[in-house]
Amino acid sequence: MLKPDYAGYFEAKFRKLRRGGATGYNRPQLYQSAFKKVLAALQDNQMSSGKLLELGCGSGDLSLLLADRGYEVCGIDISPTAISWAREKGERRYPKVDFRLGDVLNLPYEHGYFDVVIDALCLHCIIGEDRLLFFENVLAVLKQHGLFVVMTKCGDPQDEAYPFDSVTRCKIENGRPTRYWGLPGSLRREIEGAGFKIVDWRVFHEYAQPLFFAQAAKSIGPDH
């Protein structure tokens with residue numbers, strides 16, 4: 001099995017969506033649903049303001065909804081087309097939102113900079129050993145008492161259009177892994193093993209694929 005091609009895969013996806021006249025990577029209803037879940041988590045943790053980072057922000061829809069609520073929002077994505085799209089939307093509404101081209105496996109932010117880091121359907125696109133690097137980057141940029149919100153698809157795949165490797169639990173497209181469908185228990189252990197303490201979690205079944213949603217805090221080490 002070949003290694004993931006994160007940049008090439010998602011750039012091709014976003015170019016196709018823009019050419020096809022889509023409004024974003026996902027339907028507006030999905031962003032609204034995700035926004036309500038994230039906002040509830042922020043309210044649960046008494047975080048009505050602060051610096052917030054969305055990992056894999058795509059076309060910026062969720063980031064802009066959060067900017068509507070007064071958060072200082074940054075969004076990062078590996079696709080140039082996605083970031084260009086997000087900036088165009090931001091210019092019309094919130095030009096201060098910082099949409100940046102970059103890699104979630106090498107975050108270009110200061111240590112301990114963010115009050116909140118949100119994984120909004122990015123983590124399940126990260127494969128194998130890269131997942132630990134993903135978590136290490138989150139730990140580095142999150143404040144000691146900050147909040148990490150995880151929103152990742154889980155369970156057995158509902159889409160049979162592509163092969164599924166039951167050993168690695170990866171969806172395979174053109175010989176490359178593109179999605180990781182972890183089971184809820186394994187996802188909890190993975191997050192906790194990476195240095196977080198899960199304060200709440202649940203699985204939502206309102207989508208085509210089950211959604212694992214967790215609120216987590218740092219459990220190791222002070223801010224660097």
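The expected span of a helix is taken as 1.5 Å times one less than its number of residues. Helices (H or I, at least four residues) and strands (E, at least two) are DSSP runs numbered from the N terminus. The model is predicted: local features need pLDDT of at least 70, side-chain atom pairs count only at pLDDT 80 or more, and totals for chains, interfaces and linings use all residues. Numbering runs from 1 along each chain as its sequence is written, and side-chain values use heavy atoms, without hydrogens and water.

**View 1. Helix α1 and its cover.** Helix α1 covers residues 6–19. Its 14 residues should span 20 Å, and the end C-alpha atoms are 20 Å apart, which agrees. Tyr6, Tyr9, Phe10, Glu11 and Phe14 of α1 are buried (under 20% relative accessible area, 1.4 Å probe, protein chains only). Their cover includes β2 (72–77), α4 (80–93), α5, β7 (170–173) and β8 (176–180). Glycine 21 follows α1, with a positive phi near 80 degrees.

View 2. Seven strands run in the order β3-β2-β1-β4-β5-β10-β9, with mixed pairing (two strands pair if DSSP finds at least two bridges between them). At the edges, β3 (98–101) and β9 (196–204) each pair on one side only. Strands β5 (142–153) and β10 (211–218) are antiparallel over six bridges. Phenylalanine 148 has alanine 216 in β10 as its bridge partner. Helix α5 (130–141) packs on the sheet and touches β1 (51–55), β4 (114–120), β5, β9 and β10. The direction of α5 makes about 145 degrees with that of β5 (axes fitted to C-alpha atoms, for helices over the stretch in contact; angles from 0 to 180 degrees between N-to-C directions).

**View 3. The largest nonpolar core.** This core has 35 residues (buried Ala, Val, Leu, Ile, Met, Phe, Trp, Tyr and Cys joined through side-chain atoms within 4.5 Å). Helix α5 gives the most to this core, five residues. Beyond its neighbours within four places in sequence, phenylalanine 134 is in contact with residues including Leu55, Val104, Asp119 and Phe148 (heavy atoms within 4.5 Å).

**View 4. Aromatic pairs.** Tyrosine 109 and phenylalanine 114 pair edge-to-face, 5.0 Å centre to centre and 80 degrees between planes (centres within 6.5 Å; under 30 degrees stacked, over 60 edge-to-face, the rest tilted). Tyrosine 109 is buried at 10% relative accessible area; phenylalanine 114 is buried at 0%. Phenylalanine 148 and phenylalanine 196 have centres 4.9 Å apart and planes at 40 degrees, so this pair is tilted. The pair links strand β5 to strand β9, 48 residues apart.

Methods:
Buried < 20%, exposed > 50% of the residue type's maximum accessible area, 1.4 Å probe, protein only. Phe/Tyr/Trp six-rings, centres within 6.5 Å; stacked < 30°, edge-to-face > 60°.
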